[in-house]
Amino acid sequence: MRPATKVVAFGGGHGLGASLRALRLLRRPLGLDVTAVVTVGDDGGSSGRLRAERGGLPPGDLRQALAALADPDDPVAQHTAELMQYRFDGDDALAGHPVGNLVLCGLMELAGDPVTALDRAAAMVRSVGRVLPMSRHPVGIEADVRGGDPDRPDDVIVITGQHEVAVSRGTVERVRLHPPEPVACTEAVAAITGADWLIFGPGSWYTSVIPHLLVPGLAAAIASSGAKRLVTLNLATELETIGLSLPDHLAALTRYLPALRVDVVLADGKAVGDPEPVHRAAESLGAKLLLAPVAVPDGAPRHDPVALAAALEPVLGPA
């Protein structure tokens with residue numbers, strides 16, 4: 001029996017969820033050992049409310065990663081994941097909160113350690129991989145944005161908060177974390193050190209992908225890891241990446257981690273258009289460009305986990 005291929009996926013939100021669902025499909029045929037390392041900067045919606053009122057890590061992105069890795073062959077696990085994703089409606093104190101956010105908040109308070117809490121939550125959904133925070137402590141996200149104030153389109157202003165950065169209509173020129181050098185989750189560092197593959201994206205580039213590169217312990221582990229590296233590019237521009245071309249997405253990674261080298265860049269051919277600029281950008285990182293149809297069939301700018309798994313299989317499979 002060959003040893004498991006250890007894969008670490010970085011991100012947050014729906015982008016990371018699609019990547020994890022694809023890896024879940026490949027877990028048995030390729031013998032994958034999957035770890036998700038999740039951003040902890042969310043300050044909007046339910047996560048923002050719980051973070052402000054109770055403290056601790058924002059649970060939303062962590063919840064989504066757990067749901068994505070719930071055992072697909074276990075009906076109880078799937079029903080539990082469905083419950084974790086259920087969001088209360090109405091206009092009372094519970095309105096807008098997913099059940100899983102409240103469960104994770106309670107588990108983190110009960111355990112006194114977010115990693116222990118996440119491992120317990122993973123057991124509840126019989127997760128086929130491990131979910132870890134990039135840091136045991138929440139972080140703030142701040143960005144210098146040109147044109148963030150419509151009355152001063154040429155000025156650079158500072159926008160604070162992950163949600164505000166994500167919905168900014170200006171051009172992000174620089175993003176940073178507060179505190180500026182958060183302590184990396186030690187279990188995440190260990191997973192990176194022992195990984196065979198590191199996967200970045202898809203997801204919100206400045207608020208879900210790049211933050212991992214701003215945690216010194218994670219950045220050092222990524223730069224020194226002997227793992228191969230794959231970057232999955234987005235299918236469409238988001239508000240926070242207005243004016244950022246797909247080659248610019250790749251350049252942004254090395255702006256924050258100059259030592260980063262990549263083996264494969266995965267992109268959808270329809271989203272790329274002319275592949276030559278992306279091909280050159282991939283080559284500058286030492287990577288080959290792989291074009292594959294990875295979008296959902298209805299044309300929406302969302303990755304299809306089944307199509308993504310089909311594209312990843314020959315890459316992550318045995319050489």
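Me: Where is the place of arginine 126?

Reply: Arginine 126 sits in the loop between helix H6 (114-124) and E3, where helices (H or I, at least four residues) and strands (E, at least two) are DSSP runs numbered from the N terminus. This is a predicted model, in which local features need pLDDT of at least 70 and side-chain atom pairs count only at pLDDT 80 or more, while totals for chains, interfaces and linings use all residues. Residues are numbered from 1 along each chain as its sequence is written, and side-chain values use heavy atoms, with hydrogens and water left out.

Me: What is the phi of arginine 126, and which peptide bonds are cis?

Reply: Most residues other than glycine have a negative phi, and most peptide bonds are trans. Arginine 126, however, has a positive phi, near 50 degrees. The bond from histidine 178 to proline 179 is cis, with omega near -5 degrees, and proline 179 belongs to the loop between E6 and helix H8 (186-193). The bond from glycine 201 to proline 202 is also cis, with omega near 0 degrees, and proline 202 lies in the loop between E7 and H9.

Me: Is phenylalanine 10 buried or exposed, and how many aromatic pairs does a search of the whole structure find?

Reply: Buried means under 20% relative accessible area, exposed over 50%, and partly exposed in between (1.4 Å probe, protein chains only); phenylalanine 10 and phenylalanine 200 are both buried. For aromatic pairs, rings of Phe, Tyr and Trp (its six-membered ring) must have centres within 6.5 Å, with planes under 30 degrees apart counted as stacked, over 60 as edge-to-face and the rest as tilted. The search finds two pairs. The rings of phenylalanine 10 and phenylalanine 200 have centres 4.7 Å apart and planes at 5 degrees, so this pair is stacked; it links strand E1 (residues 5-11) with strand E7 (residues 197-200), the two residues being 190 residues apart. Tyrosine 86 and phenylalanine 88 make an edge-to-face pair, at 5.6 Å centre to centre and 80 degrees between the planes.

Me: Which residues have the most contacts inside the largest nonpolar core?

Reply: A nonpolar core is a set of buried Ala, Val, Leu, Ile, Met, Phe, Trp, Tyr and Cys residues joined through side-chain atoms within 4.5 Å. The largest has 98 residues, and those with the most contacts inside it are Leu20, Leu23 and Leu316. Leaving aside neighbours within four places in sequence, leucine 20 is in contact (heavy atoms within 4.5 Å) with residues including Ala9, Val34 and Leu69.
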